[in-house]
Amino acid sequence: MSVNEKMTAIADAIRAKTGGTDALTLDGMAAAVPKVYDKGKQAEYDEFWDTYQQNGNRTEYSNAFAGVGWNNETFKPKHDLKPTNAYMMFRHTEIDEIYDTLDELGITLDTSNLTNAQYIFCTSRTKRIGVVDLSKATVTNYTFYGSAFETIEKLIFSENTVIAPSIFTNTSNLKNLTVEEGVKINNLNYLFYNATNIETVDLTGADTSEATTVSYMFSGATNLKKVIMSGLDLSKVSNVSRWFDKATNIEEVDFSNTNMSKVTTFAGSAPTNNSNYASPFYGASKLTKINFSNFNTASLTSAKNMF
């Protein structure tokens with residue numbers, strides 16, 4: 001093959017890679033080499049993400065972006081994320097801002113058909129969580145456990161959502177949360193345990209009719225100042241041990257129109273490893289206001305050492 005033929009073959013290869021049709025000089029070939037590289041990288045990107053996301057049809061995202069291998073450089077999805085199973089999807093990930101990255105790429109995380117949200121954001125570093133639709137979720141254990149997020153733009157539940165008691169445990173940066181009316185919370189045990197930055201919780205209107213215990217619900221929530229539980233049906237609750245244990249900054253609790261007719265005792269003592277009924281407000285030294293109006297405690301026999 002002559003030199004001219006070799007150069008023509010190279011030019012043809014460059015045009016094939018870059019999609020060009022113009023004749024190429026030697027200088028033009030040199031300038032086109034980076035484009036060939038970029039085209040190659042784009043082809044690799046397309047091939048990887050088309051395969052990994054099944055051309056946008058993937059719904060099984062269990063462990064998909066978990067672990068330290070996923071970071072700001074490697075997390076560049078091509079297609080919208082539409083998980084039905086997101087078990088550990090972002091657990092222990094090194095991605096700093098999941099939603100900011102998705103916004104920059106024009107990609108959405110659609111959880112409207114999600115059924116398994118267990119560990120999805122567990123211990124993730126992201127500070128902002130966008131819209132999370134858990135209206136079809138039946139598994140929510142440790143959904144946000146230990147995550148660094150400060151706010152959720154919108155959290156959607158439905159009457160079918162099963163909220164696990166550990167969903168917000170150890171969310172040390174979460175500050176405020178309001179639960180929409182009708183949300184079903186069947187287990188309040190440890191719900192905000194060690195959520196050390198949360199300041200206000202409003203559960204008014206939540207469906208708690210199946211809950212049987214509120215023990216440790218706000219235990220260790222050291223910055224919690226106000227809780228509104230007005231009108232809740234807690235008629236099946238019998239265990240109130242350590243309810244606000246070590247919530248050292250709680251100032252106000254609203255129990256108005258709350259039904260706790262099954263509770264027989266608010267009595268307790270300083271918590272020990274063997275105490276089943278430690279004081280529900282042990283260590284709540286700044287508590288100054290409790291609204292007990294129309295508070296149904298029909299079975300209550302003792303409130304000794306309640307505080």
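**View 1. The largest cavity in this predicted model holds about 40 Å³ of space.** The count of cavities of 30 Å³ or more comes to 1. Phe157, Ile163, Phe168, Val179, Val183, Ile185, Leu191, Phe192 and Leu203 form the lining of this cavity. When the lining residues are divided by class, 9 are nonpolar, while there are no polar and no charged residues among them.

**View 2. The largest pocket of the model contains about 190 Å³ of space.** Its lining is made up of 12 residues, and those closest to the centre of the pocket are Ile152, Lys154, Leu155, Leu177 and Thr178. Two or more residues of the lining come from each of two elements, namely strand E2, which covers residues 151-156, and strand E3, which covers residues 176-178. Strand E2 makes the largest contribution to the lining of this pocket, giving 5 residues. By class, the lining of the largest pocket includes 5 nonpolar and 3 polar residues, together with 4 that are charged.

**View 3. An open sheet is built from 5 strands with parallel pairing.** Reading across the sheet, the strands come in the order E3-E4-E5-E6-E7. The edge strands, each of which pairs on one side only, are E3 and E7, the latter formed by residues 289-291.

**View 4. Strands E6 and E7 pair in the parallel sense.** Strand E6 consists of residues 252-254, and its pairing with E7 runs over 3 bridges.

**View 5. The confidence of the prediction can be followed along the protein, which averages a pLDDT of 82.** A score of at least 70 is reached by 80% of the residues. Over residues 269-277, however, the pLDDT is below 50, although this stretch has 20 contacts in the model beyond its near neighbours in sequence. Where pLDDT is low, the predicted coordinates should not be read in detail.

Terms used
Residues are numbered from 1 along each chain as its sequence is written. This is a predicted model: local features need pLDDT of at least 70, side-chain atom pairs count only at pLDDT 80 or more; totals for chains, interfaces and linings use all residues. Side-chain values use heavy atoms; hydrogens and water are left out. pLDDT is the predictor's confidence in each residue, from 0 to 100. Contact means heavy atoms within 4.5 Å. On a 1 Å grid over the protein atoms alone, a cavity is a set of points where a 1.4 Å probe fits but cannot get out, and a pocket is an open set with protein on both sides within 12 Å along at least five of seven lines; lining residues have an atom within 4 Å of a point. Grid points are joined across faces, edges and corners, and a volume is the space filled by probe spheres set on the points. Helices (H or I, at least four residues) and strands (E, at least two) are DSSP runs, numbered from the N terminus. Ala, Val, Leu, Ile, Met, Phe, Trp, Tyr, Cys and Pro count as nonpolar, Asp, Glu, Lys and Arg as charged, and the others, Gly among them, as polar. Two strands pair if DSSP finds at least two bridges between them.
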